[in-house]
Amino acid sequence: MSKTDNELNHLAIIMDGNGRWAKKRHKPRFVGHREGMDNVERITLAANKLGIKVLTLYAFSTENWARPKEEVAYLMNLPVRFFDKYMPTLMENNVKVNIMGYLDELPEKTYKIVQRAMSETAHNTGLILNFAFNYGSRREITTAMKELGGMIEAGTLKSEEITEKMISQHLMTKNFGKYQDPDLLIRTSGEQRISNFLLWQLAYSELAFSDKNWPDFDEDDLRKFVNDFKHRNRRFGKV
Ligand SMILES: CCc1cc(N2CCCCCC2)n2ncc(-c3ccc(F)cc3)c2n1
């Protein structure tokens, strides 16, 4: 019996290598970030064409605040640049934007543009472009534990009633329902680390690594990784 192809509904990408991309071209780091931002649009449209339902992109981690303040200031303005440049294309392609993270800690201008992007695209029914922005998985899980602990203290939950499904429903990916867990995680730039990204959700995800730096990762690369995934023998913990 031929093995049926795996369906790729949720793709997650750690978009690494933007600074190295710039350094190789003797350009400042922000040029790599800007190129990386333009590549977000290219890969979003490519993923939409491939029928991917959710594309989660690790844009800024809770640890990234430790970067030089000028770099953080530049990064915090990228969402403004991105939507100024690409909102019409996102709307034309029926893309729905979601941003998950501790958004109340963002600068006001950044917060306002991401909230506006989510509301302007709320009724779109195509690919969900999900940015992990000021996101950290251990903090996300800790927040979920605090919420469940509060329910126990309030007497609305008993500890023996806690299930894996209940914990999933207290994570930032809860609104993706059956697409909550990525089917495939790709990390670019040759690094092979998870870096505090979707630790709970990636439990049974396939992992793939590209030696290309994010700005160079193109539609052909995406198609090759997706095709490779479709022919993998996924186990989900079984033999
Ligand atoms: C603030 C961190 C950051 C960095 C970044 N880079 C720089 C490093 C990662 C590679 C991609 C390009 N991008 N690219 C798009 C966004 C973006 C985020 C949210 C949003 F609603 C719209 C766009 C972005 N955000």
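In this predicted model, helix H3 passes helix H4 in a left-handed crossing, whereas H2 passes H3 in a right-handed crossing. The largest nonpolar core holds 46 residues, and its largest share, 11 residues, comes from H3. The points below take up the helix pairs, then the cores, and then individual residues in strands, helices and loops.

**Packing of H3 with H4**

- Helix H3, which covers residues 69-92, packs with helix H4, residues 108-120, at an angle of about 20°, and the two axes lie 9 Å apart. Because angles under 35 degrees count as roughly parallel, H3 is roughly parallel to H4.
- On the H3 side the contact is made by Met76, Asn77, Pro79, Val80, Phe83, Met87 and Met91, and on the H4 side by Lys109, Thr110, Ile113, Val114, Ala117 and Glu120.
- By residue class, this contact of H3 with H4 comprises nine nonpolar, two polar and two charged residues.

**Packing of H2 with H3**

- H2 and H3 pack at an angle of about 30°, and their axes are 10 Å apart; H2 and H3 are therefore roughly parallel to each other.
- From H2, the residues Arg29, Phe30, His33, Arg34, Met37, Asp38, Val40, Glu41, Thr44 and Leu45 take part, and they meet Glu71, Tyr74, Leu75, Leu78, Arg81, Phe82, Lys85, Tyr86, Thr89 and Leu90 in H3.
- The contact of H2 with H3 divides into 10 nonpolar, three polar and seven charged residues.

**Nonpolar cores**

- Within the largest nonpolar core, of 46 residues, the members that touch the most other members are Leu11, Ile13, Phe82, Leu129, Ile186 and Leu222. H3 supplies 11 residues of this core, which is the largest share.
- Another core, of 10 residues, lies apart from the largest one, and among its members are Ile14, Tyr135, Leu198 and Leu202.
- Isoleucine 186, once its neighbours within four places in sequence are left aside, is in contact with Leu11, Ala12, Ile13, Ile14, Ala208, Phe217, Leu222 and Phe225.

**Threonine 56 in strand S2**

- Threonine 56 has its place in strand S2, residues 54-61, and with a relative accessible area of 0% threonine 56 is buried.
- Not counting residues up to four places away in sequence, threonine 56 touches His10, Leu11, Ala12, Ile13, Met100, Asn130, Phe197 and Leu198.

**Arginine 29 in helix H2**

- Arginine 29 is found in helix H2, which spans residues 29-49, and at 39% relative accessibility arginine 29 counts as partly exposed.
- When residues up to four places away in sequence are not counted, arginine 29 touches Gly19, Ala22, Arg67 and Glu71.
- Arginine 29 and glutamate 71 are separated by 42 residues in sequence, while the distance between their C-alpha atoms is 8.1 Å; both residues are also listed in the contact of H2 with H3.

**Loop residues with positive phi**

- Histidine 26, in the loop between helix H1 (18-24) and H2, has a phi near 55°, which is a positive value in a residue other than glycine. At 76% relative accessibility, histidine 26 counts as exposed.
- Asparagine 196, in the loop between strand S5 (184-187) and strand S6 (206-209), has a phi near 60°, again a positive value in a residue other than glycine. With a relative accessible area of 17%, asparagine 196 is buried.
- The contacts of asparagine 196, leaving aside its neighbours within four places in sequence, are with Tyr58, Thr62, Glu63, Tyr135, Gly136, Ser137 and Arg138; of these residues, Tyr135 is also named as a member of the core of 10 residues.

- Aspartate 104 has its place in the loop between strand S3 (96-100) and H4, and at 66% relative accessibility aspartate 104 counts as exposed.
- Along the chain, aspartate 104 and glutamate 63 are 41 residues apart, and their C-alpha atoms are separated by 16 Å.

Conventions:
Residues numbered from 1 in each chain as written. Predicted model: local features only at pLDDT ≥ 70, side-chain atom pairs only at ≥ 80, totals over all residues. Heavy atoms only, no water. Axes fitted to C-alpha atoms, helices over the stretch in contact; angles between N-to-C directions. Helix = DSSP H or I, 4+ residues; strand = E, 2+ residues; numbered from the N terminus. Parallel < 35°, antiparallel > 145°, perpendicular 65-115°, else oblique. Left-handed = near helix turned anticlockwise from the far one by under 90°. Contact = heavy atoms within 4.5 Å. Nonpolar A, V, L, I, M, F, W, Y, C, P; charged D, E, K, R; others polar. Core = buried A, V, L, I, M, F, W, Y, C linked by side-chain atoms within 4.5 Å. Buried < 20%, exposed > 50% of the residue type's maximum accessible area, 1.4 Å probe, protein only.
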